[in-house]
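Hi,

Here is the structure I promised to pass on to you. Have a look at it first, and then read my notes below.

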Amino acid sequence: MNMRKLVLALSLCFLVVSTALALAGNAKRWDKLVFPPQRELNIPEPQRSELPNGFVLYLLEDHELPLIYAHAIIKTGARWEPEDKVGLASITGTAMRTGGTAARTGDELDDELEALGAYVETAIYTEQGGASMSVLKEDVDKGLSILADVLQSPAFREDKIELAKIEEKDAIARRNDDPSAVADREFNKLIYGEHSPYARTTEYETIDRIKRDDLVAFHKRYFVPNNVILGIVGDFDSAEMRKKIETYFGSWKRQDSELPPLPEVTYKFRNQVCLIDRPEVNQTNVRLGHIGGKMNDPDYFALQIAGRIFGMGWTSRLNTNIRSQGGLAYAVWGYWGASYDYPGVFEIGGGTKSDQTVHMITALKTELEKMTTSEVTDKELKTAKDGILNSFVFNFDTKAKILERIINYEYFGYPKDFIFRYKANIEKVTRQDVLRVAKQHFHPGELVILAVGNETEFAKTLSSLGPVAEIDITIPEAEEEPLPEPTPETIDKAKDILKLCLAATGGKNVGAVKDITETSTLTVQTQAGSLEVDIKTVIKFPDRIFQSVKTPMGEMVKAYDGRIGWMKSPRGTEELNAEKRLDLLSTIKTSHIYILQNFEKEAILPQFLEEVEEGGKTYQIILIRIGLEDKPLRIYVEKQTGIISRTVESQGLMGLPGTLTSTYSDFRDVKGVKFPFRTIIEKDGTKAGETNVKEVKFNSAVQDSVFVIK
């Protein structure tokens, strides 16, 4: 920079600084500013009415935009599902919408709503069921007709139920991935009890027990008009909208039946220290606390202030003393949890370095003890109140919020002006009130303590806080559904079907196949996208196989000569263990040709299961025990053609557990045998890959030396 530019730059800096100082001299301190009083809130009052069948309706007009939004609460909830079928309520809420209605499939509803730029959704949560709709004013009749149809006449189609069950199982498989989520889940179990509907979790076993009839019965019991409170807000005339609601919901038949009693919550205050050891993590998630309360407790308001001073927000004691000054936590919080009609949880939590685990827990307990021994300051009280009261207006920033809150209050039996009572009581809270409720409701000497972390890195042992109970979070494996015992009748019927299948596939030509050489391309779906590999498979019946897989990382070769198996990769050659040999053998024994060549021999025991209709086709399902760790194979024979069009086996793909479905198509004639040139592979109902055959040869006089890797 030359001298002229330097002088110019310094002059500009001086001008900016001097101007800023002059302005600062005229400015007032932030804490000396005087603000005008807040304007009175002008809150619209929704119109409440009730249809003769008990259906409750709230209407709130809003003509700002040509939109209409509806939200319904249904008196139901996961807390009333059977303990041996946890997940039933969630799956019911999902499949009500995805399964469509008697008039329209879920996919057809998707298409219709997408064309309208609208949505209709349903769900069932712990304490209630819910349904919502958003639609343009001009399409309100279409939207309401779909909402009414879904609530009253869900079809619960089997394919969508299965998809919902798969999604639940995927969530089970991933539930231990996030240590913070693990801490929240297991802490809830420690407070409510692992069998409580407020803490219990879905398992593979409980999902597998759920059948379509369970969904139908659950819906029939709870989804009745006198269990529904519907709120609608938007651009409409209330008188006209009520007529529409009568049209779509008025003929829904009332059903008077008492709801089950609310599940009882029992809690015993105690000292309890628990550990979930996670050697792979480098920080600890901690949770401390005990049972909380209800929102209708007279002390609720003072407890909200106490909780805010103690652990909520940047100015809280925990954030100031534990995080900012103490440097013990990445994040830290504490709050008094309260629910509408059952006790919430008083929870203190945070994350810290592994070696600081016990130090942080001790510091958290110390801060809680302080809350019960001395009054908070005037500044703390004012800051906590301001934090609540200054944000009070956001309870009314949309009319949808106003409406949803009102119907929630009616659902739980709270006065409709509870929000204003809340504000008035918050304003009344004193320092003495905060100390009183803290002494009465906080129990620093009787805390449940949970640490989720790497115990070997704790600087001080957790046992210094008391006897430690280690919690096992291993996910229980799914129980295999017991297979029906074969009978002479089911065996004979299966053999008769397979005889017809053999004739349709090629008859004597199938029996003449001694070896197969197949080259194909497998496209696998991965998280990073699709991966394409070339495969060459050579089979010599009954028990020899060679398989070469060429991947971007190099070639992998496996072979089995009837006695010994080998695997060769860029890392070298190794002998296959028993499990991997069985995997190779299953490729032979689940092939169509092997099955059709051997179904009348003792090596295969076929058994007829059932006949099903799918997509306008009839399938005869046959169970085959192929003798590999007693893993059964279900084959679907298309009745119209006599061809094996699908196989289903309970094994994994790429090392992952699950159900593997292979669907075959593009059958071509190869030396008089109908052979599938295309296979779609699905894992648990989701496409995982696709195989396309390039070439297949029979009876190429394959030598035994092919199956020996050197």
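**A surface patch, a pocket and some salt bridges**

Leu-67 sits in strand β3, which covers residues 67–74. Please keep in mind that this is a predicted model. With a relative accessible area of 39%, Leu-67 is partly exposed. Together with Leu-65 and Leu-136, Leu-67 makes a nonpolar surface patch of about 240 Å².

Next, the second largest pocket, whose volume is about 480 Å³. Its lining has 25 residues, and nearest the centre lie Lys-189, Glu-194, His-195, Thr-201 and Glu-203. Two or more lining residues come from each of α6 (179–192), α7 (204–209) and β7 (272–277), and α6 gives the most, with four. By type, the lining divides into 12 charged, seven nonpolar and six polar residues.

On to the salt bridges: a search of the whole structure finds 43. One of them pairs Asp-214 with Lys-85, with the closest N and O atoms 2.8 Å apart. Asp-214 is in helix α8 (residues 212–222) and Lys-85 in the loop between β3 and α2 (88–98), so this pair ties together parts 129 residues apart in sequence. Both Asp-214 and Lys-85 are buried.

Arg-287 and Glu-347 also form a salt bridge, at 3.7 Å between the closest N and O atoms. This pair links strand β8 (residues 283–291), where Arg-287 lies, to strand β11 (residues 343–353), which holds Glu-347, 60 residues apart. Arg-287 is buried at 0% relative accessibility, and Glu-347 is buried at 6% relative accessible area.

Best wishes

Methods: Residues numbered from 1 in each chain as written. Predicted model: local features only at pLDDT ≥ 70, side-chain atom pairs only at ≥ 80, totals over all residues. Heavy atoms only, no water. 1 Å grid on protein atoms, 1.4 Å probe; cavity = no way out; pocket = protein on both sides within 12 Å on 5 of 7 lines; lining within 4 Å. Points joined across faces, edges and corners; volume = space filled by probe spheres on them. Nonpolar A, V, L, I, M, F, W, Y, C, P; charged D, E, K, R; others polar. Patch = residues over 30% accessible without salt bridge, like charges linked within 9 Å, V, L, I, M, F, W, Y side chains within 5 Å. Areas by Shrake-Rupley, 256 points an atom, 1.4 Å probe, with all protein chains shown as cover. Salt bridge = Lys/Arg side-chain N within 4 Å of Asp/Glu carboxyl O. Buried < 20%, exposed > 50% of the residue type's maximum accessible area, 1.4 Å probe, protein only.
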